[in-house]
Amino acid sequence: ADSIIMERVADAEPVFYAELVKTEDLGAFEALVAAAMRKIAAGVLRRCIERFDAELVGNMPRGWSVHERAVRTLVTLVGGIAFVRTVFRDEFGRRRALADELLGIPPRARVSPGRS
């Protein structure tokens, strides 16, 4: 997976290089790259969590139903993210955010487990 990720990042090198040439300032360029990478990482986190949630909906436990889709916001190692996940009703009528449970995100937490 690391080599595939590095290949994709390398594809962005011409865009970043153009910024370096414009600024001719390593400090400013370094800050620009770091900020861009944090945004990319936050987007990857959000999309992967939402995809994981969608797969859970597709394999919903017997007796469960979809109650609602709700936004969850967390502060992570790469900054704030907001993602949509499914809240189910289990076979006993309890509300359950299965993605949160499986990923180890405590109820009402505002900080990701990796950040705490």
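Visitor: Is Glu 24 buried or exposed?
Guide: Buried means under 20% relative accessible area, exposed means over 50%, and partly exposed lies in between, using a 1.4 Å probe and protein chains only. Glu 24 has a relative accessible area of 71%, so it is exposed. This is a predicted model, where local features need pLDDT of at least 70 and side-chain atom pairs count only at pLDDT 80 or more, while totals for chains, interfaces and linings use all residues. Residues are numbered from 1 along each chain as its sequence is written, and side-chain values use heavy atoms, leaving out hydrogens and water.

Visitor: Where is Glu 24 placed?
Guide: Helices (H or I, at least four residues) and strands (E, at least two) are DSSP runs, numbered from the N terminus. Glu 24 sits in the loop between helix 2 and helix 3. Its phi is near 50°, a positive value in a residue other than glycine.

Visitor: What is phi of Arg 108, and where is that residue?
Guide: Phi of Arg 108 is near 65°, again a positive value in a residue other than glycine. Arg 108 lies in the segment after helix 4, and it is exposed, with a relative accessible area of 71%.

Visitor: How many helices and strands are there in the protein chain?
Guide: The protein chain has 4 helices and 3 strands. Starting at the N terminus, their order is α-α-α-β-β-β-α. The radius of gyration is taken over C-alpha atoms, and the globule rule is 2.2 Å times the number of residues to the power 0.38. For the 116 residues here that rule gives 13 Å, but the radius of gyration of the protein chain is 19 Å, well over that value, so the chain is more spread out than a compact globule. Its C-alpha trace spans about 60 × 25 × 20 Å along the principal axes.

Visitor: What span should helix 3 have?
Guide: The expected span of a helix is 1.5 Å times one less than its number of residues. Helix 3 (residues 26–58) has 33 residues and should span 48 Å; its end C-alpha atoms are 48 Å apart, which agrees.

Visitor: Which residues of helix 3 are buried, and what do they pack against?
Guide: In helix 3, Phe 29, Ala 42, Ile 49, Asp 53 and Leu 56 are buried. Contact means heavy atoms within 4.5 Å. The buried residues of helix 3 pack against helix 2 (13–23), strand 1 (65–76), strand 2 (79–89) and helix 4 (98–103).

Visitor: What does Asp 53 touch?
Guide: Asp 53 counts as buried, at 0% relative accessibility. Setting aside residues up to four places away in sequence, Asp 53 touches Arg 69, Val 84, Arg 85, Thr 86 and Ala 99.

Visitor: Where is Leu 77, and is it buried or exposed?
Guide: Leu 77 is in the loop between strand 1 and strand 2, and at 62% relative accessibility it counts as exposed. Leaving aside neighbours within four places in sequence, Leu 77 is in contact with Ser 112, Gly 114 and Arg 115.

Visitor: How many residues apart in sequence are Leu 77 and Pro 61, and what separates them in space?
Guide: Leu 77 and Pro 61 are 16 residues apart in sequence, and their C-alpha atoms are 32 Å apart in space.

Visitor: What share of the whole protein chain counts as buried?
Guide: Of its 116 residues, 22% count as buried.
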